[in-house]
Amino acid sequence: MTRGERVIAFIHRYCKVPEGKDVGKPLRLMPFQCDFIKAIYDNPAGTSRAYLSIARKNGKSALIACLALAHTVGPEAKLNSQIISGARSRDQASIVFKLAEKMVRMNPALAKIVRVIPSQKTLIGLPMNVEYRAISAEAGTAHGLSPILAILDEVGQIRGPHDAFVEAIETAQGAHENPVLLAISTQAAKNDDLFSIWLDDAQKSKDPRIVSHVYSAPEECDIMDRSAWQAANPALGIFRSIKDIEDFAERASRQPSIENSFRWLYLNQRIEASAPFVSKSVWQGCGGPVAKQFDGPVYGGLDLSSVSDLTAKVWISWVDGAWHVKPTFWLPSEGIAEKSRTDRVPYDVWAREGYLRTTPGKTVDYEFVAETLWRDCQEMDVRKIAFDRWNFRHLRPWLLKVGFTEEQLEGDNAIFEPFGQGFQSMSPALEGIGSRLA
């Protein structure tokens with residue numbers, strides 16, 4: 001047998017259903033679970049990371065428990081090694097451990113060779129002296145470990161692109177030559193959350209050492225579409241209740257306020273965490289290439305920062321029957337990683353991918369901003385630049401120094417136009433946009 005087949009055979013022979021209507025019966029993996037296991041262990045390139053994303057209640061925790069046992073006393077056990085499963089909360093970590101513990105106690109063959117330490121959520125595989133522990137972010141126990149296998153449960157619950165608990169686990173695996181990290185979870189809510197970044201990287205990079213299996217309903221599907229339910233719930237009708245999904249879908253169809261929850265947890269789709277001013281369909285309709293040159297009249301917007309905030313400059317121009325937009329954003333390079341963690345926004349990722357520009361030091365230098373504005377005004381027919389009044393007095397001397405005149409800064413024919421971020425300026429503009437969208 002292959003490695004994957006040996007793992008599957010071990011689970012089928014020694015693991016029993018730990019709870020529910022089939023409790024005590026031999027556990028039988030579903031085809032999608034077998035496919036995932038074979039993809040991990042029979043990968044010709046070797047597997048360093050593996051992701052399985054499915055809707056809730058499709059046996060994620062039980063699968064984690066089975067894989068943990070396969071590495072503790074099964075065919076993947078390595079002498080004196082350490083295995084961990086990590087979860088966001090103590091309760092979630094306890095679920096995985098208790099499932100593994102029940103599987104051990106229900107099979108006399110396993111009970112003889114596995115020592116259970118409930119107080120530490122630990123199992124010791126006696127033949128190879130393998131330690132399996134279930135840990136949580138709440139307990140702060142990720143440091144000091146050295147797992148050859150780490151299985152993360154519900155990593156999709158993490159908000160933002162960074163998480164100290166996950167980073168501690170990833171760095172703890174550095175002592176091993178071929179460690180493996182598995183993440184089994186529903187999707188994260190937003191594109192810039194950690195699990196979304198991992199899944200998107202796997203899709204884009206085509207790294208042969210990353211296994212990524214995602215079961216999700218089509219993006220624009222109807223919530224009552226049963227084929228969409230099946231796409232996100234491969235265990236539907238087996239140990240995933242159809243009745244439960246039917247009831248929630250009917251509620252979601254009557255109450256739009258819970259539709260996002262249904263799409264996230266039951267259809268395994270990414271959702272917006274807030275209600276945006278511009279709908280997703282309108283936003284996507286504005287996609288497409290931006291004109292390389294703005295030959296006609298150009299209008300701009302400028303939002304200054306103080307220390308660590310974004311400074312933004314946006315140009316728009318009417319080209320070929322549509323408004324084309326060229327935004328530029330700056331952040332200080334110093335401290336950008338910490339700001340990404342604090343704000344839970346992937347500024348550092350955007351900077352690496354070219355969507356965000358960084359400037360040296362701790363602040364965005366106003367002299368630098370003035371020089372870019374002057375250069376743009378020499379190259380384009382800039383008619384107006386709306387600016388937030390806040391901190392403009394600090395930018396004004398630099399504008400004069402680089403070449404702008406007093407007449408361009410103030411007066412009836414000035415290029416720069418005050419535009420406050422309050423009701424007086426914003427309300428008429430937003431009403432105008434809203435009427436156009438309507």
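The exercises below work through one predicted protein model, from the whole chain down to single strands.

Residues are numbered from 1 along each chain as its sequence is written, and side-chain values use heavy atoms, with hydrogens and water left out. In this predicted model, local features need pLDDT of at least 70 and side-chain atom pairs count only at pLDDT 80 or more, while totals for chains, interfaces and linings use all residues.

**Exercise 1. Describe the chain as a whole.**

Step 1. Begin with the secondary structure: the chain has 17 helices and 14 strands. Helices (H or I, at least four residues) and strands (E, at least two) are DSSP runs, numbered from the N terminus.

Step 2. Take the extent: the C-alpha trace spans about 90 × 50 × 40 Å along its principal axes.

Step 3. Turn to burial: of the 438 residues, 45% are buried. Buried means under 20% relative accessible area, exposed over 50%, and partly exposed in between (1.4 Å probe, protein chains only).

Step 4. Look at contacts (heavy atoms within 4.5 Å). Among those with a separation of 6 or more, 69% join residues 24 or more positions apart.

**Exercise 2. Examine strand 1: what are its partners, and is the strand buried or exposed?**

Step 1. On one side, strand 1 (residues 49–53) pairs with strand 8 in the parallel sense over 5 bridges. Y51 stands opposite S212 there.

Step 2. Strand 7 is also parallel to strand 1 and is joined to it by 5 bridges; here Y51 stands opposite A183.

Step 3. Check burial: 5 of the 5 residues of strand 1 are buried, so the strand is largely enclosed by the rest of the structure. R49, Y51 and S53 point one way, A50 and L52 the other way.

**Exercise 3. Work out the other sheet: what is its strand order?**

Step 1. This open sheet of 6 strands has the order 12-11-10-9-13-14, with mixed pairing.

Step 2. Strand 12 (357–359) and strand 14 (416–418) are the edges; each has a single partner strand, so one side of each lacks a neighbour in the sheet.

Step 3. Neighbouring strands here are turned by 25° against each other on average, direction ignored.

Step 4. Strand 10 (residues 311–319) and strand 11 (residues 322–332) are antiparallel, with 9 bridges; I316 has V325 as its bridge partner.

Step 5. Helix 14 (residues 366–379) lies across strands including strand 10, running at about 10° to strand 10.

How values were computed: Pairing = 2+ DSSP bridges. Axes fitted to C-alpha atoms, helices over the stretch in contact; angles between N-to-C directions.
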